Amino acid sequence: MFEYEMQELRLADLLREAETARLIRQVRKARRAARRSAKDTGEGRVSHDSTRYERAA
């Protein structure tokens with residue numbers, strides 16, 4: 001009986017770890033998507049060359 005309870009506790013622990021890992025992956029994926037969409041907004045620096053000025057549109 002004791003071994004069964006230990007197995008159940010271990011299973012619950014593994015399920016919690018798996019859920020935490022899934023949550024971390026989701027958060028990282030959402031952050032990456034937010035960064036990528038922020039790049040596509042068209043706002044930010046006009047030119048990547050800091051020695052030259054570009055006309056604003």
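View 1. Asp13 counts as partly exposed, because its relative accessibility is 27%, and the class called partly exposed lies between under 20% for buried and over 50% for exposed. The model shown here and in the views below is predicted. Asp13 lies in helix α1, together with Arg10 and Arg16. These two arginines are the subject of the next view.

**View 2. Arg10, Asp13 and Arg16 form a network of salt bridges.** The side chain of Asp13 meets that of Arg10 in a salt bridge, with an N to O distance of 3.4 Å. Asp13 also meets the side chain of Arg16 in a salt bridge, where the N to O distance is 3.7 Å. Both distances qualify because a salt bridge is counted within 4 Å. Arg10 and Asp13 are 3 residues apart, about one turn of the helix. Asp13 and Arg16 are also 3 residues apart, again about one turn. Arg10 has a relative accessible area of 45%, so Arg10 is partly exposed. Arg16 has 51% relative accessibility and therefore counts as exposed.

**View 3. Glu19 and Arg22 are joined by a salt bridge.** The closest N and O atoms of this pair are 3.0 Å apart. Both residues belong to helix α1, and 3 residues, about one turn of the helix, separate their positions. Glu19, at 44% relative accessibility, counts as partly exposed. Arg22 falls in the partly exposed class too, with 41%. The count for the model comes to 3 salt bridges.

View 4. Met6 sits in helix α1, which covers residues 2-39.

**View 5. A patch of positive charge gathers lysines and arginines on the surface.** Its members are Arg28, Lys29, Arg31, Arg32, Arg35, Arg36 and Lys39. One of them, Lys29, is placed in helix α1. Is Lys29 buried or exposed? Lys29 has a relative accessible area of 59%, which means that Lys29 is exposed.

**View 6. The whole chain has 1 helix and 0 strands.** Of the 57 residues in the chain, 2% are buried.

Note on methods. Residues numbered from 1 in each chain as written. Predicted model: local features only at pLDDT ≥ 70, side-chain atom pairs only at ≥ 80, totals over all residues. Heavy atoms only, no water. Helix = DSSP H or I, 4+ residues; strand = E, 2+ residues; numbered from the N terminus. Buried < 20%, exposed > 50% of the residue type's maximum accessible area, 1.4 Å probe, protein only. Patch = residues over 30% accessible without salt bridge, like charges linked within 9 Å, V, L, I, M, F, W, Y side chains within 5 Å. Areas by Shrake-Rupley, 256 points an atom, 1.4 Å probe, with all protein chains shown as cover. Lys, Arg positive; Asp, Glu negative; His and termini not counted. Charge placed at Lys NZ, Arg CZ, Asp CG, Glu CD.
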